[in-house]
Amino acid sequence: MTVRLSEELHRRLDAAAEQAMPLEACGLLLGQKIVGSFIVEDCILAENVTTEDPATSFEVDPQTYIQVQRDVRAGGSQIIGVWHSHPTTDAIVSETDKRLSRECGWLWLISSLVYRASEGRVKLQAFVAGDEDSRDFKQVEIEF
Ligand SMILES: [Zn+2]
């Protein structure tokens, strides 16, 4: 399984993650899931409406979710997953993320701002939620 996204989208995610600091940013990933790969075409940024601590958890605004679902029905893209940022921790699936993961087979892109100072760039990593168990994540490679 691999993930493909454009450099332009990658930069937009970096910027959105920076802008939301010190809170987590989030959005819905649009694109196509084909055999062996996810092709990420866009990310629709959403308000983080978590009722927990927004510095360490997120929830995509349900209104945005409904709106995006409506919009994609007409076009060729689908909601293939979710993106969010970790302001102070690594770009890996947290225990909170696992607890709140509901959708089997979704792609999760996570941006970490921790390494920004040393590497000059936001770190982006990808994971896929299990087809049977949405809390069973596997890391997948990103091809830029
Ligand atoms: Zn997280």
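Figure 1. Trp83 stands opposite Leu109 in S5. This is a predicted model, in which local features need pLDDT of at least 70 and side-chain atom pairs count only at pLDDT 80 or more, while totals for chains, interfaces and linings use all residues. Residues are numbered from 1 along each chain as its sequence is written. The names of helices (H or I, at least four residues) and strands (E, at least two) refer to DSSP runs, numbered from the N terminus. S4 and S5 run parallel and are joined by six bridges; two strands pair if DSSP finds at least two bridges between them. Together with helix H3 (residues 95-100), these strands make a right-handed β-α-β unit. Right-handed here says that, with the strands pointing away from the viewer, the path from the first strand over the helix to the second runs clockwise.

**Figure 2. Strand S4 and its antiparallel partner S2.** Seven of the nine residues of S4 are buried, so this strand is largely enclosed by the rest of the structure. For the burial terms, a residue is buried if 20 or more other C-beta atoms lie within 10 Å of its own, exposed if 12 or fewer, and partly exposed in between, with C-beta atoms placed from the backbone. S2 runs antiparallel to S4, and six bridges join the two. Look for Leu30, which stands opposite Ile79 in S4.

Figure 3. Five of the seven residues of S6 are buried, so S6 is largely enclosed by the rest of the structure. S5 and S6 run antiparallel, joined by six bridges, and Leu109 has Ala126 as its bridge partner in S6. S6 also pairs with strand S7 (residues 137-143) in the antiparallel sense, over four bridges. In that pairing, Phe127 stands opposite Gln139 in S7.

**Figure 4. The largest nonpolar core.** A nonpolar core is a set of buried Ala, Val, Leu, Ile, Met, Phe, Trp, Tyr and Cys residues joined through C-beta atoms within 7 Å. The largest one has 32 residues, of which Leu29, Val82, Leu107, Trp108 and Leu109 touch the most other members. H1, S2, S3, S4, S5 and S6 each supply at least two residues of this core. Its largest share, five residues, comes from S6. Zooming in on Val82, and not counting residues up to four places away in sequence, you will find that Val82 touches Cys26, Leu28, Leu29, Val60, Trp106 and Trp108. Contact is a matter of C-beta atoms, placed from the backbone, lying within 7 Å.

Figure 5. H1 has 14 residues and reaches 20 Å from its first C-alpha to its last, close to the 20 Å expected at 1.5 Å a residue. The expected span of a helix is 1.5 Å times one less than its number of residues. Leu13, Ala17 and Ala20 are the buried residues of H1. They cover an arc of only 75° around the axis, which puts them on the same side of H1; the arc is that of the directions from the helix axis to the C-beta atoms. These buried residues pack against S3, strand S4 (78-86), strand S5 (107-112) and strand S6 (123-129). On the face turned away from the buried side sit the exposed residues Glu7, Glu8, Arg11, Ala15 and Gln19.

**Figure 6. A cis peptide bond at Pro22.** Met21 and Pro22 are joined by a cis peptide bond, with omega about 5°. For comparison, most peptide bonds are trans. Pro22 sits in the loop between helix H1 (7-20) and strand S2 (26-34).

**Figure 7. Leu45 and its surroundings.** Leu45 belongs to strand S3 (residues 37-46) and counts as partly exposed, with 18 C-beta neighbours inside 10 Å. Leaving aside neighbours within four places in sequence, Leu45 is in contact with Ala16, Ala25 and Gly27. Cys26 is 19 residues from Leu45 in sequence, yet 6.0 Å away in space, C-alpha to C-alpha.

**Figure 8. Phe144 beside Leu5.** Phe144 lies in the segment after S7 and is exposed, with 10 other C-beta atoms within 10 Å. The C-alpha atoms of Phe144 and Leu5 are separated by 5.7 Å, although the two are 139 residues apart along the chain. Setting aside neighbours within four places in sequence, Phe144 is in contact with Leu5, Glu7 and His10.

Methods:
Contact = placed C-beta atoms within 7 Å.
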